[in-house]
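Please keep the sequence and the structure in view while reading.

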Amino acid sequence: MLIASTKVLSEMKPESKRHELLVLDGPTSHTRNHPNRRVAIPPQFRVVLWALLVLVTVELVMYNILTRSDGVVTEIPIIGHGVALNLHDDKHLLKSPKKQLYGKAAVRASQTISERKVDMMNVSADVNQTVQVLLTMGVEVSELKEHLEEVPKWSQILENYGGKDEPVIVGLQHCKEYRRRTKLRDISIGPAGMFSTGTNLLNRLLKENCENPDKTKYGRKNPLKFNLHQVPWGKHNPAEARGAYMVEYMREYVENPMAVLPIVSIRHPYTWMSSMCRHGYGTQWTHNTQLCHKTLGLRSPVREVPYGAKSNGTHFIPNNYTSLAHMYMEWYSSYFYEQQYKRLMIRFEDLVFRPKEVVTRVCECVGGTIRSWKGKGKFVYKTKVSNKGPGHGQRSDLLTAFTKYGQPLDSFYAQYDAKDREITKKAFHGDEVDKTGIFQTFQYKLLR
């Protein structure tokens, strides 16, 4: 081969030799009319080729470095090409150019930057654990630095809600049976829960991340039939409404309402009642929204609950309860005690602190899979407002939620006056021994 190449070069004219300094060999380099002649690359193109080779090598090396760890993916692209090496220019690192890295590369870059920033903040290891969770979910470093003093300790979060660093989901043991007895085209999920328990957040997380197990043409053409905005009998209605009532607009695309698996969201009663006192979603009882830090007005009965109804044996009537605390117990007791083979129950707090774990298990329960959006990653978090539209007051973003629900539960209980505390004890404890089964199951600590 070397001799042949030398012979060809020697037979060429002197001026041609100057342009054939780089000779390509192989079957693709031969011309059609002269199979023994090889095409040469002029010097100027040789420089371009070397430059491209170096650029590609650098890009591959940097990509491998950035994707070396298996991180959880956020919905926010963190860093772009051209700035990956500049770890000292924070503005460029947080505001990426047109081309952006997604997935593991974005996460690795984000973690590298955030770890350096957190070190500068001089936070304790306990608070740092919370900070790292927030960064993983997409909260920006600048926002964290501004509100660092408000970020709760991770140990306090665990103490508030059971002490274990894992979600609580009731009903997972029945998932296999649900998939077995439900036709593939009828499998669907829908949020249910009292007001202010994260039903909209749950719906958005499931829609963004959980993919329909029905891969048939029917399933692809009818995505709304899998991930429902709410259960067909109304997400704020008690469990008794199942099979007896149906939301009118859902008749168009829900063929088998009884096949829908309700995902019921529950929340610690102390934080729930405090939230309802400030914004009751039209729930009517005598109380002053400006004095919720002093009393919840539990001495006043709940006269009516909009969007909610209960059966009196023959038809549905507006809800009314002895107090807001009794409303909580009565509503959740139906799903907890009477619907145990027909629902999943999750904690609102886990949607805030561990959304990926909750959504993944719920999705897998019905045979779904966590989707990947065009290379953006394996899970999309929600860091901004979840509730929009009339009826919803100003909602908290992720950082505010961490700050609020990470504070000691005593601070919520301290807002109740003597009458509030007396009523909560009657409603949550009462004379029935297993009335506290709900709180034990969901690891909600109650104060006496």
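The structure holds 13 salt bridges, a salt bridge being a side-chain nitrogen of Lys or Arg within 4 Å of a carboxyl oxygen of Asp or Glu. The model is a predicted one, in which local features need pLDDT of at least 70 and side-chain atom pairs count only at pLDDT 80 or more, while totals for chains, interfaces and linings use all residues. Residues are numbered from 1 along each chain as its sequence is written, and side-chain values use heavy atoms, with hydrogens and water left out.

One of these pairs joins glutamate 159 to lysine 445, with 3.9 Å between the closest N and O atoms. It links distant parts of the chain, since glutamate 159 belongs to helix H8 (residues 154-160) and lysine 445 to the segment after H19, 286 residues apart; helices (H or I, at least four residues) and strands (E, at least two) are DSSP runs, numbered from the N terminus. Glutamate 159 is partly exposed at 47% relative accessibility, and lysine 445 is partly exposed at 34%, where buried means under 20% relative accessible area, exposed over 50%, and partly exposed in between (1.4 Å probe, protein chains only).

Aspartate 165 and arginine 354 form another salt bridge, their closest N and O atoms being 3.2 Å apart. This pair also links distant parts of the chain, for aspartate 165 lies in the loop between H8 and strand E3 (169-170), and arginine 354 in the loop between helix H14 (348-353) and helix H15 (355-365), 189 residues apart. Aspartate 165 is partly exposed, with a relative accessible area of 45%, whereas arginine 354, at 6%, counts as buried. Both residues belong to a network of salt bridges that links Asp165, Arg347, Asp350 and Arg354.

Turning to covered parts, helix H10 (residues 199-209) is mostly covered, with 8 of its 11 residues buried, among them Leu201, Leu202, Leu205 and Leu206.

There are also 6 cavities of 30 Å³ or more, a cavity being a set of points, on a 1 Å grid over the protein atoms alone, where a 1.4 Å probe fits but cannot get out, with lining residues having an atom within 4 Å of a point. The largest cavity has about 90 Å³ of space, a volume being the space filled by probe spheres set on the points, which are joined across faces, edges and corners. Its lining includes Arg185, Asp186, Tyr218, Lys225 and Val260. Arginine 185 lies in the loop between helix H9 (175-181) and strand E4 (188-193) and is partly exposed, with a relative accessible area of 40%. The C-alpha atoms of arginine 185 and tyrosine 218, 33 residues apart along the chain, are separated by 7.5 Å.

The backbone deserves a look as well. Most residues other than glycine have a negative phi. Tyrosine 281, however, has a positive phi near 55°; this residue sits in the loop between helix H12 (269-278) and strand E7 (302-311), and at 10% relative accessibility tyrosine 281 counts as buried. Glutamine 443 likewise has a positive phi, of about 60°, but glutamine 443 is partly exposed, with a relative accessible area of 22%, in the segment after helix H19 (437-441).

Technical notes: On a 1 Å grid over the protein atoms alone, a cavity is a set of points where a 1.4 Å probe fits but cannot get out, and a pocket is an open set with protein on both sides within 12 Å along at least five of seven lines; lining residues have an atom within 4 Å of a point.
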